[in-house]
Every structure is written in structure tokens, then in C-alpha cells.
Amino acid sequence: MSSSKTIAVHDHTTLSDIHWERMRDGEYARNYLEPLVISDPCRYVQNVQTQVLALAIDDRIMPLTINEAEYDNSYVCSPYTHYVTYAKEELDMLGSPVWKGLLLPFLSGLGGWMKASQSNRMVIVNNWLLSTNLYHEMTAEDAERITEHCVERFPDHIIAFRSVCRKLCPDFYAGLRQAGYILIPSRYVYLFHPDWRCKKRR
């Protein structure tokens with residue numbers, strides 16, 4: 001593994017510059033990312049509209065998704081879909097016409113605000129187009145370096161990270177907080193580790 005400090009974003013023209021054999025899980029990452037970077041991702045995931053690039057930081061590599069608007073996109077690339085469209089679709093699950101009547105105008109207002117603020121103009125780091133995205137070991141310094149690099153490369157986009165879990169990535173989580181990121185709840189994630197003690201239910 002290389003110990004040099006490097007960071008770069010690669011598109012289809014520079015993928016050949018990546019030393020995949022030096023990357024953690026490099027073969028897996030290459031097999032997964034190359035098709036998404038080289039061709040349109042919707043060829044493989046029909047409800048996803050995005051551009052995929054590869055971010056290489058030291059000996060780790062992860063995908064970036066870049067979007068502008070795409071308000072009918074999958075929630076894995078669209079905060080609008082996640083917090084407005086899908087939320088509206090799930091109102092019937094409440095089983096209460098009263099709550100649906102109260103929440104529907106709120107969600108419509110939220111959607112209008114999100115469109116006006118261009119919330120979908122976003123670069124999402126480590127977005128594997130999955131509901132939950134795992135991370136290699138990441139540090140607070142990594143959070144700062146990735147942020148600085150992405151802000152310079154994509155100055156007109158929101159920079160975001162999905163699936164950041166304080167239990168699994170405490171240093172990286174702290175680094176994002178220190179860098180000024182706003183933490184927004186997304187979904188429940190259930191964790192299991194054989195070394196963690198279970199809490200007995202009473």
C-alpha cells in the first residue's frame with residue numbers, strides 16, 4: 001500500500017491513471033466503478049440520473065455522484081426525492097387522513113423551498129448508489145482534505161456525504177462536524193458486530 005498523501009478526482013479520461021492494485025479492495029472498486037464512470041449509470045440502474053466520478057485519496061477509492069436538479073431522480077442521488085417525494089408516498093402508511101392533511105401541505109412547501117434553494121445541485125461523496133454506503137477507515141484529516149478538494153473542484157455544488165455513522169466512523173464523523181457540515185437524519189441503520197455486547201431486553 002502506498003503511504004503518500006494524494007487526492008484526485010478521475011473521470012473516464014483518467015481512470016487509467018489509477019493504480020487499482022494499490023487500492024484497498026481495488027479490484028472490487030474497479031469492477032464496480034469503471035462501468036458507471038465510462039457509461040451512463042442509468043444503463044445499470046434505471047431510476048438513477050447522475051454522473052459518476054472516482055475519488056482516490058491515498059490508498060482508498062470511492063465514487064462521487066454529481067447532480068444539478070433531476071427532481072424525479074432516485075433518493076440515492078436526490079435529497080428532494082428522499083425528503084419530499086418519498087415522504088408524500090408514505091403518508092398513506094400513517095393510516096390517518098388528519099395527519100395526511102396536515103403533513104401534505106408542509107411537504108409541498110418544503111419541496112418548493114428545496115427547489116428554490118437548488119438543493120439537488122449536489123456532489124455526494126462515497127455514493128455507491130446503495131441505500132447504505134460503507135466506509136474504509138477514515139480520519140478527521142480525511143474529511144478536511146476531501147472537503148477542500150471537492151469545494152475547489154465543484155465550487156457551485158453542495159458537498160455531501162451519505163451513510164455517515166458515528167458508531168462506525170467516530171473520527172471521520174468528528175472531522176465533518178469540525179468542517180462545518182450540517183448533520184441531517186436519513187434513515188435507521190441496524191448494526192451488528194460480533195465483538196459488541198448485546199443489550200438484553202427486559
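**Exercise 1.** With which residue does Arg60 form a salt bridge whose closest N and O atoms are 3.6 Å apart?

*Solution.* The model is predicted, with local features needing pLDDT of at least 70 and side-chain atom pairs counting only at pLDDT 80 or more, while totals for chains, interfaces and linings use all residues. Residues are numbered from 1 along each chain as its sequence is written, and side-chain values use heavy atoms, with hydrogens and water left out. Take the criterion to be a side-chain nitrogen of Lys or Arg within 4 Å of a carboxyl oxygen of Asp or Glu; the partner of Arg60 at 3.6 Å is then Asp59. Arg60 also meets the side chain of Asp58 in a salt bridge, at 3.2 Å from N to O.

**Exercise 2.** Decide whether Arg60, Asp58 and Asp59 are buried or exposed.

*Solution.* Buried means under 20% relative accessible area, exposed over 50%, and partly exposed in between (1.4 Å probe, protein chains only). Arg60 has 5% and is buried, Asp58 is buried at 12%, and Asp59 is buried at 9%.

**Exercise 3.** Find what the salt bridge between Glu68 and Arg121 ties together.

*Solution.* The side chains of Glu68 and Arg121 meet at 3.3 Å, N to O. Glu68 lies in the loop between β3 (60–67) and α2, and Arg121 in the loop between α3 and β4, so the pair ties together parts that are 53 residues apart in sequence; here helices (H or I, at least four residues) and strands (E, at least two) are DSSP runs, numbered from the N terminus. Glu68 is partly exposed at 37%, and Arg121 is partly exposed at 26%.
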